[in-house]
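Please read these points next to the model.

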Amino acid sequence: MARKPHQYRFSVGPWNFSEGQDPYGPPTRPAQPFDWKLEQVKRMGFDAMMFHDDDAVPDLDEKKDAQIRREARELKKRLDDAGLFAEIVAPRLWFSPKTIDGAYTSNDPKCRRYAIERSLRCIDIARALGCKLIVLWLAREGTYVRESKDASRCVDYLVQAIDKMLAHDKSIRIAIEPKPNEPMDVAYIPTIGHALAVAQLCSDPKRVGALIETAHCILAGLDPADEIDFACRFGKLWSIHLNDQNGLKFDQDKPFGSVNLRSAFDQVRALERHRYGSRGECVAFDVHPFRTTKVEHWSKHLENSRRTFLHLVEKARSFDEAAAKELIKDRNYADLDQMVLEHLMGV
Ligand code: GLO
Ligand code: MG
């Protein structure tokens with residue numbers, strides 16, 4: 001019997017309304033307050049927002065616990081009023097002077113302690129927002145100089161930090177977002193396999209999973225659809241950042257499908273195959289506007305990514321699986337290849 005198709009829920013972060021600055025030039029759009037972003041998310045009909053801890057509570061390092069909790073509760077109320085929820089909260093562990101040499105894997109024990117303390121505050125914020133999923137993008141966990149750190153000891157540091165977080169709140173789950181490089185030359189958790197291996201060393205492996213980002217898989221030279229399949233086989237895909245990336249260069253965060261529509265189709269097909277979203281997971285687009293984007297087109301990259309995604313859901317659901325099966329049985333991959341192309345071209 002055919003399974004009933006499920007609906008997807010969509011999520012976006014305030015950082016996805018970026019102002020166009022790059023290492024070579026200043027912003028091209030004026031900074032907007034959080035309320036403007038919230039308004040855009042509501043207007044576009046997205047379901048949820050993603051937060052860094054300091055998107056939710058700015059300057060939290062300067063604030064006392066009670067104030068942090070109060071501000072987070074106020075934000076929760078604004079989200080409730082807007083009919084939105086917080087999908088994830090992620091500690092921003094790459095801005096502070098204390099994370100210059102890494103956060104959990106810094107060579108300085110004081111800095112490692114800061115990173116853990118900050119992560120526990122992040123969990124407090126998530127709790128006040130009614131959010132159970134903490135995302136760890138391990139931005140600075142890696143090296144510029146190979147000999148500066150011991151990669152094996154760094155695995156222990158990562159596990160120790162995650163264990164402290166798991167112990168701080170028994171109801172949260174942690175999703176590791178792998179990325180092979182940028183800002184680091186070489187990162188310690190470059191792929192989903194690394195993330196899931198680290199999860200196995202933690203005190204409660206069931207509560208440690210992954211978030212996959214398309215661009216990060218491509219930067220690692222991997223196929224995003226295969227990474228999705230791999231994580232889903234372990235029941236570990238708890239969030240996803242769909243976007244696109246034109247080869248091996250800086251992390252581009254282009255609109256979903258804008259470089260490789262076929263790969264985007266394969267990613268959607270993998271999500272459909274595993275009924276991603278039917279257990280409450282969200283589809284997030286970690287995309288940025290082009291630097292050239294005018295103020296009046298500021299949200300287009302998000303709306304367009306969702307449009308492409310939904311079209312591809314239709315394409316995945318209308319793909320002639322029986323015909324594909326016959327071609328596979330006959331090892332006629334030439335016609336299978338063409339069948340995919342013609343299905344995408346609508347001919
Ligand atoms: C950067 C990451 C970043 C994270 C975000 C949430 O390359 O994709 O945008 O997704 O900080 O942790
Ligand atoms: Mg991301």
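1. Donors here are N, O and S atoms within 2.8 Å of the metal, and water is not among the atoms, so sites may look incomplete. Keep in mind that this is a predicted model.

2. Start with the magnesium ion (ligand 2). Its protein donors are Glu177 (OE), Glu213 (OE), His241 (ND1) and Asp286 (OD).

3. His241 sits in strand S9 (residues 237–242). Asp286 belongs to the loop between strand S10 (283–285) and helix H10 (300–317). The pair is 45 residues apart and links distant parts of the chain.

4. Are His241 and Asp286 buried or exposed? His241 has a relative accessible area of 2%, so it counts as buried. Asp286 is buried as well, at 8%. The cut-off for buried is under 20%.

5. What is the geometry around the magnesium ion (ligand 2)? The arrangement is octahedral, because the 6 donor atoms subtend angles of 82 to 171°.

6. Next, the helix pair. Helix H4 (residues 109–128) packs against helix H5 (residues 151–168) at an angle of about 30°. Their axes are 10 Å apart, and the crossing is right-handed.

7. Which residues make the contact of H4 with H5? H4 supplies Arg112, Ile116, Ser119, Leu120, Arg121, Ile123, Asp124 and Arg127. H5 answers with Tyr157, Ala161, Lys164, Met165 and His168. By class, the contact residues divide into 6 nonpolar, 2 polar and 5 charged.

8. Now the backbone. Most residues other than glycine have a negative phi, and most peptide bonds are trans.

9. The peptide bond from Glu182 to Pro183 is cis, with omega near 10°. Pro183 lies in the loop between strand S6 (173–177) and strand S7 (186–187).

10. Asp59 is not a glycine, yet it has a positive phi of about 55°. Its loop runs between helix H2 (53–56) and helix H3 (65–82). With a relative accessible area of 52%, Asp59 is exposed.

11. Arg331, also not a glycine, has a positive phi of about 50°. Arg331 is found in the loop between helix H11 (321–329) and helix H12 (333–345). Its relative accessibility is 67%, so Arg331 counts as exposed.

Technical notes. Residues numbered from 1 in each chain as written. Chains lettered and ligands numbered in written order. Predicted model: local features only at pLDDT ≥ 70, side-chain atom pairs only at ≥ 80, totals over all residues. Heavy atoms only, no water. Axes fitted to C-alpha atoms, helices over the stretch in contact; angles between N-to-C directions. Helix = DSSP H or I, 4+ residues; strand = E, 2+ residues; numbered from the N terminus. Left-handed = near helix turned anticlockwise from the far one by under 90°. Contact = heavy atoms within 4.5 Å. Nonpolar A, V, L, I, M, F, W, Y, C, P; charged D, E, K, R; others polar. Donors = N, O, S within 2.8 Å, 3.2 Å for Na, K, Ca; no water. Tetrahedral: all angles 85-135°; square planar, octahedral: opposite > 155°, others 65-115°. Buried < 20%, exposed > 50% of the residue type's maximum accessible area, 1.4 Å probe, protein only.
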